[in-house]
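These are my notebook entries on a single structure. I set down what I looked up, one topic at a time.

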Amino acid sequence: MTGSTSCCGKTSTSAPTEDVLAFKDPVCGMAVKADSPHVLTLNGETWRFCCAGCLQKFSAEPERFLARILSPQTDEGHAQAAVDADQYTCPMHPEIVTDRFGDCPLCGMSLEPMLPTLEDTGARAELEDMRQRFFVALPFTLLVSFLAMVGHGSPLSLPLPQPWVELLLVLPVMGWSGRPILERSLQSVRLRSPNMWTLIGMGSVSAFLWSLLVALFPEQSAAAGGRAQGVYFEATAVIITLTLLGQILELRARARTGEALRALLELAPQIAHRVAPDGSEEEVPLSEVMVGDRLRVRPGAKIPVDGVVLDGRSEVDESMLTGEPLPALREAGDTVSAGTLNLTGNFLMQAQRVGASTRLAQIVLLVAQAQRSKAPMQGLADKVAGIFVWVVVAVALASFLAWGLVGPGWSAGLVNGVAVLIIACPCALGLATPMSITVATGLGALHGLLFRDAAAIERLDSVDTLVIDKTGTLTAGKPAVVNIIPCPEANAEDVLRIGASLGQRSEHPLARALVGEARAQGLELLQVSGFAAVIGRGMKGLVNGTPCAAGNALMLREANIVTPVATESLDTAVAQGATVIHVALGDRLLGSIVLRDSLKPEAAATLEQLRAEGLSIVVASGDDPRATRAMTADLPLLEVRGGMSPEDKRALVARYQSEGRVVAMAGDGSNDAPALAQADVGIAMGTGTDVAVASAALTLLKGDLRGILVARRLARATSRNMRQNLGFAFLYNALGIPLAAGALYPVTGWLLSPMFAAVAMSLSSVSVISNALRLRRLRLQTQGG
């Protein structure tokens, strides 16, 4: 049975039968039964709704809701948001997914929403509940501890024997304050998934039951070798109270690890100003904005959704998404992103992507997914955690028997056995890397770095070779046409018109440069059919039924089109780092277009710093080898390779890997995708193509090369932090468990009481989380950054 809540706040519980899932409310997206009384027939089609409110909204503006239904991208985005927003997972066991807030069945830890929200009501409620239980337990614990310290031979006037008074004082602690702890312990036993709560439950219940038997049968316990006054009710109360305190501290600390994601979520405004067809404006909640809506964005307001500017112009601060400090001019025809800040002008925009489809929402979703992934470094801890509880129980039992049989007695055995159970903390092992990854991925997102998963962070730390693309990665990706050389029977306008007409259908920087130059010259572009991008070569298609092509010399030679023997002007241009595109119509060459790009301003300094950190740097470009060498002549490079196809780049990365190198590949185009996927860490420029971004393990939103340096520094700090956490967790348990068992007593005379063990256990997880939070103070700025 699954429960769902409609947009009207009504909750329904139903089995997922075909009858229920046959229809979907076009307003809120809920599954609707076939016999729903809320029905509307429009243009011969019947729509069913979950409630009268949705029916009323649809009836008022059906075209708005139908526009969303007809947009697959947006509809899928809403579906993804609905699924993720209502699901919870465990930070230690991301494979656990449930549709309600609660505890992890494997470790007992409280679950977290898969899609972060500004206000996590479940976590807040749990924190408040733990706080209330702690403050109820605290006075009873202080009283029972005071009685235990004063001793049973004190002259205090008590209405009952002291053990019975202590029993009465500890009952509220055990029965109410400690109820969540005992329930988690019982659940771990019932599900046969031993964890930290199993140990705490066994320890506190063992101390309580022993003390209860001593209180009920003091003479028999004394005759059996115990002491009638040897009750440990105070140990039970202290264990539970300190565990509650530890949970409060841990919940607070865990909440702080999500601050970076909440900062991203806060970028999106909660309202938008929608413009009706008659020109009137109304303020609507962001959730009601649909694809196709026209929105007014006022000066100083945040842009609510992704879209295109229809009218007006303004400067937009996009630093919160890209890290670019300078505002960007946006006018009619330009795209704008949700969460960015409109600075000066007033403009009208049309919504293109809303809800979970916006760039901001996708960034948040990617970061959330990365935070839930496991680092390879966690593998050893997971193996240890799998047998940890059984080992601890065995050590506790051995300690109890050893102290009871050959030591001072069973009372001392109980104390040491309980101390072993309490001090052991598998959570410190389980949280060692997830907390570091959570903080690091959030911090990276705030600096324009999107890691796909935890493994990418760990691998980036060990990278020793960087293969880097030229166009759009080393260069600014904004080439300009500097010369057009037509063949004798053609003219420059024909060459540019054919090249730019093909370029209309491509997203490559060179193609965009051709289109920009043609528009600047006022040329009318032609319609192209059968367009195809030949990755790493160029593009081709049909103009009025005639084949045409624009690309490098290799592409034209493969089509049996003779390219000109290098002229002096072409030779000079290539030698100076220019790129040449040959344009053909039919089976004849029309001419050649010379384009020139410039290196990114930060390229030389960034590569120099990466070289100083021990990286070998190789440039792999599809451009002419002479042009590639000329463009990169002043850069600190190990090797320069030009004229490389996509497969050549992939093979180059694979060859370095076969030599034992750990390789990162940085690129921005479709021709870089195979190498990005092959590399140990693929690094895509956020300004590049979608296929490049999809193939990469790390995306630099700003497309700034300095992002590679920043990401590497973050990866190194994160890996170091994870090693510290794992080392602390292993060392803590390796020292604490033998100490609690009394293994060091014959040499040092040291023993550990259950109360001190509870303090240590409570602080262990908090210490791991606090150490992970230190990453937030990491200074990631680079020189010139």
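Which residues touch the most other members of the largest nonpolar core? I found F451 and I683 in that position, within a core of 120 residues. A nonpolar core is here a set of buried Ala, Val, Leu, Ile, Met, Phe, Trp, Tyr and Cys residues joined through side-chain atoms within 4.5 Å. Buried stands for under 20% relative accessible area, exposed for over 50%, and partly exposed for the range in between, with a 1.4 Å probe and protein chains only. Helix α29, residues 706-741, gives the most to this core, with 14 residues.

Entry on the model. I note that this is a predicted model, in which local features need pLDDT of at least 70 and side-chain atom pairs count only at pLDDT 80 or more, while totals for chains, interfaces and linings use all residues. Residues are numbered from 1 along each chain as its sequence is written, and side-chain values use heavy atoms, with hydrogens and water left out.

Entry on the chain. I counted 31 helices and 31 strands in the protein chain. These are DSSP runs numbered from the N terminus: helices are H or I with at least four residues, strands are E with at least two. Of the 785 residues in the protein chain, 50% are buried. Contact means heavy atoms within 4.5 Å. Among contacts in the protein chain with a separation of 6 or more, 65% join residues 24 or more positions apart.

Entry on F451. Leaving aside neighbours within four places in sequence, I listed its contacts as L366, A370, A456, I457, L460, A697, L698, A711 and L714.

Entry on two packed helices. How do α24 and α29 pack? I read an angle of about 30° between α24 (residues 603-612) and α29, with their axes 8 Å apart. α24 is therefore roughly parallel to α29. Axes are lines fitted to C-alpha atoms, for helices over the stretch in contact, and angles run from 0 to 180 degrees between N-to-C directions. Under 35 degrees counts as roughly parallel, over 145 as roughly antiparallel, 65 to 115 as roughly perpendicular, and the rest as oblique. T606, Q609 and L610 in α24 meet R706, I708, L709, R712 and R713 in α29.

Entry on cysteines. I found zero disulfides in the structure, a disulfide being a pair of cysteine sulfur atoms within 2.5 Å. C104 is buried, at a relative accessible area of 0%. C487 also counts as buried, at 17% relative accessibility.

Entry on S177. This residue is found in helix α6, residues 162-177, and counts as buried at 0% relative accessibility. Not counting residues up to four places away in sequence, S177 touches R133, V136, A137, P172, I240 and L244. I also noted that S177 and A137 are 40 residues apart in sequence and 5.9 Å apart in space, C-alpha to C-alpha.

Entry on backbone angles. Most residues other than glycine have a negative phi. R192, not a glycine, has a positive phi of about 55°. I located R192 in the loop between α7 (179-190) and α8 (196-216), and R192 is exposed, at 77%. N560, not a glycine, has a positive phi of about 60°.
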